[in-house]
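Me: I've got a fold open and I'd like to learn how to read it. Could you walk me through a few features?

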Amino acid sequence: MALAAAMLVAAGLLCLAGCGGQDAGQKEGGSASANANANANGTGTLRVGVRADVVGFGYFNERANNYYGLEIDLARELASRLGYADVEFVTVEPDTRKDMLLAGEVDCLVACYSITDTRTENFDFSPAYYHDRAVIMVENSSLITDVSDLENKTVGIMSGSNTGPLLAIKLQELGMISEIVENADEGTQYDGLYVKQVPSYAELSRELEEGTVDAAAMDGNITQTYIDEDRSILDLNIADQEYGVATQKGSALSQPVADAIQSMLDDGTIAALTEKWN
C-alpha cells in the first residue's frame with residue numbers, strides 16, 4: 001500500500017481516538033467564555049482538565065487528596081496569570097477529554113494533549129509547553145529487542161490516544177504493514193501486526209506484564225510511570241509529540257491562554273517546571 005493509504009488509516013483511527021483517575025473537583029456547567037469573564041477582578045475559578053495517572057505530569061495522590069506534577073503547577077500558574085482567584089482540577093481521560101472540553105465541563109485541557117492537525121480543526125492550542133516522542137516499551141523476558149521482532153505480534157495502546165495512527169504510519173514506512181485486515185473498537189488487525197486498544201495505562205502495563213500484549217506504545221514521559229528494571233524501550237521514535245493547552249475553538253480564553261503560555265516560555269517558568277519534574 002502507498003503511504004497515502006496509511007494516512008487514511010491513521011485518519012480513520014483518529015476518529016476513534018484522542019496522555020484515568022479520581023475526580024477531585026466539583027464539575028460545573030457553563031461555557032469557557034462565561035467563566036473567562038468572571039476573572040476580570042481576580043474572581044472566579046478556572047476549571048482545568050488534567051490527567052491523574054501520569055507521574056510527573058498529572059497524578060492524583062488519594063492519600064493526600066491532591067494532584068501533583070508539571071501540568072498541575074503549570075495550570076496553577078496559568079490561572080494566576082489569567083487573573084483567576086482559584087483553579088479547579090477535573091480528571092480527564094483520553095476517551096473523555098475532548099467531549100468534556102466541547103461540553104464546557106472544563107475551560108481548558110492541560111492533560112498531555114498533543115497538538116495535531118486534526119485536533120487544531122476542533123480546538124485552539126497554546127504554544128507547545130513540552131516536547132516528547134512516542135515510543136515502544138517491552139518486557140525484557142519477551143526477547144523483543146528490535147521493532148522487526150514485532151512482526152505478527154500484538155502492540156497495546158491507550159484507547160483515546162493518537163499513538164495508534166502514528167504507529168501505523170511509522171510501521172508502514174518501515175514496510176512492516178501494508179493494509180488493514182479487520183478494524184474494530186477493541187483494536188485493528190493489520191497484515192503482520194495487531195494493535196489493541198486498552199482502556200487505561202495501568203491496565204496496559206498489566207497486560208504487558210502478563211503477556212496479553214507483546215509491547216506497549218505510548219509517549220515517552222508516560223513510560224516513566226511504568227518502566228522498571230525488567231522493561232526496556234525499543235530504539236524507535238514513532239513520532240514527535242508536542243503538548244499544548246487546548247481551549248474551545250474561538251473562545252474568549254484562547255488568546256489569553258496562548259499569551260500566558262508564551263510568556264511562561266519566554267521568562268523561563270516552564271523550563272524551571274520541566275527541570276523540577278523531570
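Me: Let's start in the strands. Which residue in β5 does Arg47 stand opposite?

Reply: Glu88 is the one across from Arg47. Keep in mind that this is a predicted model. In general, strands of a sheet pair through backbone hydrogen bonds, in either a parallel or an antiparallel sense. Here, β1 (residues 45-50) and β5 pair in the parallel sense, with 6 bridges.

Me: And what is the strand order of the open sheet?

Reply: Reading across its 5 strands, you get β5-β1-β6-β16-β7, and the pairing is mixed. The edges are β5 (86-91) and β7 (123-125), each pairing on one side only.

Me: Which strands does α3 lie across?

Reply: β1, β5 and β6, and α3 runs at about 140 degrees to β5. Helix α3 (residues 70-82) also packs with helix α9 (residues 254-266), at an angle of about 115 degrees and with the axes 10 Å apart. That crossing is right-handed.

Me: Which residues meet there?

Reply: From α3 you have Leu74, Glu77, Leu78, Arg81 and Leu82, and they meet Pro256, Val257, Ala260, Ile261, Ser263 and Met264 of α9. Sorted by type, this contact has 8 nonpolar, 1 polar and 2 charged residues.

Me: Now a loop. Is Thr116 buried or exposed?

Reply: Buried, because its relative accessibility is 16% and the cut-off is under 20%. Thr116 sits in the loop between β6 (108-109) and α5 (117-120). A polar atom of the Thr116 side chain lies 3.1 Å from the backbone nitrogen of Arg119.

Conventions
Residues numbered from 1 in each chain as written. Predicted model: local features only at pLDDT ≥ 70, side-chain atom pairs only at ≥ 80, totals over all residues. Heavy atoms only, no water. Axes fitted to C-alpha atoms, helices over the stretch in contact; angles between N-to-C directions. Helix = DSSP H or I, 4+ residues; strand = E, 2+ residues; numbered from the N terminus. Left-handed = near helix turned anticlockwise from the far one by under 90°. Contact = heavy atoms within 4.5 Å. Nonpolar A, V, L, I, M, F, W, Y, C, P; charged D, E, K, R; others polar. Buried < 20%, exposed > 50% of the residue type's maximum accessible area, 1.4 Å probe, protein only. Polar contact = N/O pair within 3.5 Å; in protein donor to acceptor, adjacent residues only side chain to side chain. Pairing = 2+ DSSP bridges.
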